[in-house]
Amino acid sequence: MTEPGAGSDALGSMRTTARKDGDHYVLNGSKIFITNGPIADIVLVYAKTSPEKGAKGISAFIVETDTPGFKVAQKLNKMGFRGSPTGELVFEDCRVPAKNMVGKPDGGVAVTMSGLDLERAIVCFNAMGIARRALEISIDYAKTRQQFGKPIASFQMVQAMLAEMYTEIEAARSLSLRTAAMCEGLEEGEGGRGEIHKLTAAAIFKAAAATSFVLDRAVQIHGGSGYMRDTEVNRLYRTGRVLEVGAGTQEVRKLIISGELLKNI
Ligand SMILES: Cc1cc2nc3c(=O)[nH]c(=O)nc-3n(C[C@H](O)[C@H](O)[C@H](O)COP(=O)(O)OP(=O)(O)OC[C@H]3O[C@@H](n4cnc5c(N)ncnc54)[C@H](O)[C@@H]3O)c2cc1C
């Protein structure tokens, strides 16, 4: 979905087009920051089939990446999450069979909305895994690292950091689990509005903020070694930062929550 000029406003500012030509659509445009794009066999791509209709003129297509006109322009060099490649994808007169359209013509918004809430709910648990591991290794480090002749875990200021980290994780985890339970049994087409839209945005907002808080304290407890690239806590810190940006930024999540709260005003 994301393009060089279309991030938070992915639908409104989208420039990739799909022009009907017989029993095919011809795609032109480029997409950026696409997770696993450089190694994908199949991509789900959104393009404007009726550009004059703005966000309401978007359709979704399945594209096999050996289709002529598809190209991986570059693999990007990320600060974290380096086990999963992220790239820029280019479509140049890429002919896709019309039967590869997902959903209805100009029905791309419904396709994306059906998935984004679930994506947010799932990403909460990426965050919780990172945060819980950061707490675990911080406790180990605090127990073993000695200063002033004692383990640093014996100092109350370090104890306070551990207690706050634990509390943030448990608060975020409770909301994430409640949200996941609400997602169970969600019917197709039910996402993208109402209670589930608000709750999934709130859950990932809280999970990402809690994870950033925990990672910051985890590096602090590790002292100088936490700043060294080769330590596990440093890898977690670099990886976790994306949780406030990807799958919609913290600001976009707040726009969703407040939009639902203020809907009938
Ligand atoms: C590692 C990674 C993987 C990704 N994977 C994918 C993927 O697989 N598929 C995909 O489609 N996209 C993917 N993305 C893109 C991601 O969804 C976007 O980066 C994100 O939506 C933000 O868009 P942007 O980077 O263009 O930032 P911008 O939209 O340019 O935002 C810049 C800043 O302005 C703020 N801002 C923008 N609009 C408003 C507003 N109205 N009110 C207040 N603040 C605002 C933002 O919150 C942010 O702080 C990925 C990104 C990363 C980093």
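Author: Asn100 is buried, with a relative accessible area of 13%. This is a predicted model, in which local features need pLDDT of at least 70 and side-chain atom pairs count only at pLDDT 80 or more, while totals for chains, interfaces and linings use all residues. Residues are numbered from 1 along each chain as its sequence is written, and side-chain values use heavy atoms, with hydrogens and water left out.

Reader: Why is Asn100 called buried?

Author: Buried means under 20% relative accessible area, exposed over 50%, and partly exposed in between (1.4 Å probe, protein chains only). Asn100 has 13%, and is therefore buried. Its place is in the loop between strand S6 (86–97) and strand S7 (101–102); helices (H or I, at least four residues) and strands (E, at least two) are DSSP runs, numbered from the N terminus.

Reader: Which residues does Asn100 touch, leaving out those up to four places away in sequence?

Author: Asn100 touches Ala60, Phe61 and Ile62, where contact means heavy atoms within 4.5 Å.

Reader: How do you know whether Ala6 is buried or exposed?

Author: The relative accessible area of Ala6 is 0%, so Ala6 is buried. Ala6 lies in the segment before strand S1 (17–21). Leaving aside neighbours within four places in sequence, Ala6 is in contact with Ser13 and Met14.

Reader: What makes Ile42 exposed?

Author: Ile42 has a relative accessible area of 52%, which is over 50%, and so counts as exposed. Ile42 lies in strand S3 (residues 42–48).

Reader: What makes Ile42, Leu44 and Ile62 a patch?

Author: Patches are made of residues with over 30% relative accessible area and no salt bridge; like charges are joined within 9 Å, and nonpolar side chains (Val, Leu, Ile, Met, Phe, Trp, Tyr) within 5 Å. Ile42, Leu44 and Ile62 form a nonpolar patch on the surface, with about 250 Å² of accessible area together. Accessible areas come from the Shrake-Rupley method with a 1.4 Å probe, and for residues only the protein chains shown count as cover.

Reader: Why is the pairing of Lys53 and Asp106 called a salt bridge?

Author: A salt bridge is a side-chain nitrogen of Lys or Arg within 4 Å of a carboxyl oxygen of Asp or Glu. The N to O distance between Lys53 and Asp106 is 2.8 Å, so the pair meets the definition. Lys53 lies in the loop between S3 and strand S4 (58–64) and Asp106 in the loop between S7 and helix H1 (108–144), so the pair ties together parts that are 53 residues apart in sequence. At 45% relative accessible area, Lys53 is partly exposed.

Reader: What separates Lys198 from Glu195 in helix H3?

Author: Being three residues apart, Lys198 and Glu195 are separated by about one helical turn. They form a salt bridge, with the closest N and O atoms 3.2 Å apart. Lys198 has 21% relative accessibility and counts as partly exposed.

Reader: How many salt bridges does the structure hold?

Author: The structure holds eleven salt bridges. Arg133, Glu136 and Glu232 are linked in a network of them.
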